[in-house]
Amino acid sequence: MRIIILSFLISITVLSYPVFADEQLDINQASLGEIKSLPISEKQAEDIYYYRTYQKYFDSIYELRKIKSIDQITLNKIKSLIMVHKFTDFDEVAQRRDQINYLLRRLASNEGSQEGISDLWEDLLISPTNINTATFHELLNMPVVTPPDVRAILKQRKLSKFSDYRSMRRSPELTHYGATNLKNYVTYDSKIDNRWFFNYRFKLNTMPYSEETEELLRESYVPDSTNSKFSMWGRYNLDNAAPEVSHKFRARMEGWINLEFGAISFLSKGENRDLNFLEFDDDFAATIKDNAKSSFAINVKPIKTKLTFGNYRATYGQGLVMENTDYFDRRRTGFGYGKRVLGIFSDLSPTEEFALKGGAVEFNNDFLNASFFYSEDKKDAIVWDSNENNEIDDEDDIFYYVISKPRFTNEELESSEEYFNPLRVNLQPYPLPKILMAPRRDVLKEILRGGHLEVSPIIGTHFGITAYESIYDKHFNIASPDSLENYLFADDYDYDKIKMNDSEISSLYSTKTDEYERNYRRVYGFDWQTTIKDFSFQGEFAELEIDGKPGKLGDDPKAIVASGYFNFENLNFLMLYRNYDLEFDNPYARPFAEHERFDGTILEKAYYLKNPLVSEVYYNSPWSQAEEGIYIESRYKFHRQLTLTKAYLDMWKRKSDGRRSVRFQGELDYRPIYQISIRLKQKLQTNRCEDTSARSVSKTSETTLKFTSYLTNRDKFSLEYRFNKVWMAPYTSLSNSAEPGDAIIPTGNVLNHGDYIAVNYTHNFTDDFKVEGSFLFWNGHGISHWDWEDMEIDFMGSEGMKYWFTIYDRISNHLAISFKYKVKHFKDEELYLRKYNDPDEVEGQNYVPQTKHNESYVRLQIDWNF
């Protein structure tokens, strides 16, 4: 009875609403259809709607007179039918934040290499750039926007200023895709209100270490020992490693002079944090200094000049001379979601090793772009016993930069070496050498200064020069190829493991050789871009100065990237060529590449090395591998229901050993109706394709079928199935008998296969409360699967299952919380092991059963904007 009565009352309330509701239409809330119901023309209705959507909300009904098509007669006719409801606690900025909430949520989730860029894009969403005064670079730095689209906008702007989105959209040669991507980042007039914006972000992440990192940290410094304390993992109890925690605060003021300042403090997973926050002692100050970044910027708009102090990012051209991040992003073309944001801007990202700290100035107008930057900072590096006094000390030289995870303190590293070394040298019957190559924190002082000068004679065309010089207080000294194994390997039995592709190590830059001794590294180059209608051609050339003549190109280690891009309404096409010399060792280069530097070298095999931590040079490498190749990519909507969403072909050669590889991926999207998507993706890759009889040849095939249903209110449900195959040549040393003299057994090729099935969902309970997640089951059979989870990539074990969900709740106009929880159960491979070329004498001793792993983690993020 109560339910019936309650239902009756609700029905009466709903049905009677039109009777008692105010008959006036609130033009700050009305849809386009409701505005068209007024006694005005369709064009006038659209003008009202576009003014409110893309310029500002109305403060009064009389503000309609600012719209050209609304004269006084029209206003008199409709003013009794309309109203303006002004918000007191939901101002213009809050309304804009409400409209673009889904974009802000996506940017807030970005991590790693994109986080600093996300800050810039988020600022542009809240305070859009005036499209009528923006330069070519300012528009090009916006997400996904292409050079032909920017050129089309600037050419039209020379004829007449833009008054709204429709006038911009009518620009000849501007694609619908480009206009749509721009609309939330631009405005059409300059509003100077000297308003302050503040943002605080807290992150907590308990995500486990990657399998590669955990395996490296578990590597024993005393072989054949089962004592877990003989590894860095066991010695520092990383099973209970402290979570990753960060606090970030930003403030900015928009006006004729833009002011921006901010700071971030972060402690990576597993780092020491035994701090007393109530007592500001030396330990506390040292930890804050080592785990914090700050930045202050002044942008004087009338003279187009920006000053930045503290930590900043600097990126130019194709990333060959300068792009300072700690992250490697494979196949980064500079277009689409892999674009670079060019110039100088504040850096409050997690980048530590290659953070620039000092000051920079940048001038940018339609004709000239000039910048100068200066940095002075200490870097982590691998140190080795170069003076051969049988210990690591302050007089030793640098092997290379290193990004450590976790970033152990020097006290922890030195005490571990003092603990392990006596155990190693006293091993019986085969003693091992002392650890004489190891990472050290802040061991290298680097002073970096550089600049960029760029001239743009016509719209869409520029030519620029970039150069920098790094000065060091220690030498980079790379051992010769003949003696490299003596410094790297724990056992001289493994010296023959050095292969041709390890020339990538011996080719690293040294500041001290038999021919010269210097304390610097100099890199310089030039970049270009020209845009003609729907086509843009861009590239960059760079050289590392060693012993070539100043001003002469090509006589020092060099690198080049050049690409051509076609952009049409339903088709885009990219072709990119890259060629990097093996000796081109620029630690600040992040150009396009398939693999990170040191892939396939001995640094990938921590179990061979004297010190497994040296492998972090490879495992956390942000550098691109020396390659030469051609990359082709396209997107083509050739039918209303069929779109080739992304297809690419990459053919490249690894410079260290000449290995040739081919990789193809194509994805076809079929939409019988707009709300239903059926996607078929095929990926094929062959390594060592020039010699299929080589031991290192491998062929990979990956087929994915994905069904997605787009529901109302931005809800989404998808079902995905993937099947993988990997073909490899056999390991005859394992398949044949270990007994000397035994007959060779013919062995077939190895074929591994695996598959997975996933269910993904997104449900928006309201505009402010959202849940998304996934259930996934896989079976690897020797194949490593991977999966994208919201903004993170996960690599799985042999077989298992996992599920995760993320809850996003915008509690108020200024406060939002994101919470992710994940559970993962998986197994390792079942293994049968034997000593190399030794027969197995005891039955069963070589069997390693599957190990079951159970992991769970949480990620919490709080954003407070005011």
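This is a predicted model: local features need pLDDT of at least 70, side-chain atom pairs count only at pLDDT 80 or more; totals for chains, interfaces and linings use all residues.
Visitor: Why is helix 3 called largely enclosed by the rest of the structure?

Guide: A residue counts as buried when its relative accessible area is under 20%, and 10 of the 13 residues of helix 3 are buried, so the helix is largely enclosed by the rest of the structure. Among the buried residues are Ala45, Ile48, Tyr50 and Tyr51, together with Glu46, Asp47 and Arg52. In the chain, which has 866 residues, 51% count as buried.

Visitor: Which residues touch the most other members of the largest nonpolar core?

Guide: That core holds 66 residues, and those touching the most other members are Met322, Phe373, Tyr400, Phe598 and Leu603. Leaving aside neighbours within four places in sequence, Tyr400 is in contact with residues including Ala381, Ile382, Phe476, Phe598 and Trp623, where contact means heavy atoms within 4.5 Å.

Visitor: How do you know what share of the contacts joins residues 24 or more positions apart?

Guide: Taking the contacts in the chain with a separation of 6 or more, residues 24 or more positions apart account for 65%.

Visitor: What part of the accessible surface belongs to carbon and sulfur atoms?

Guide: The accessible surface of the chain comes to about 41100 Å², and 56% of that surface belongs to carbon and sulfur atoms.

Conventions. Residues are numbered from 1 along each chain as its sequence is written. Side-chain values use heavy atoms; hydrogens and water are left out. Buried means under 20% relative accessible area, exposed over 50%, partly exposed in between (1.4 Å probe, protein chains only). Accessible areas come from the Shrake-Rupley method with a 1.4 Å probe; for residues, only the protein chains shown count as cover. Helices (H or I, at least four residues) and strands (E, at least two) are DSSP runs, numbered from the N terminus. A nonpolar core is a set of buried Ala, Val, Leu, Ile, Met, Phe, Trp, Tyr and Cys residues joined through side-chain atoms within 4.5 Å.
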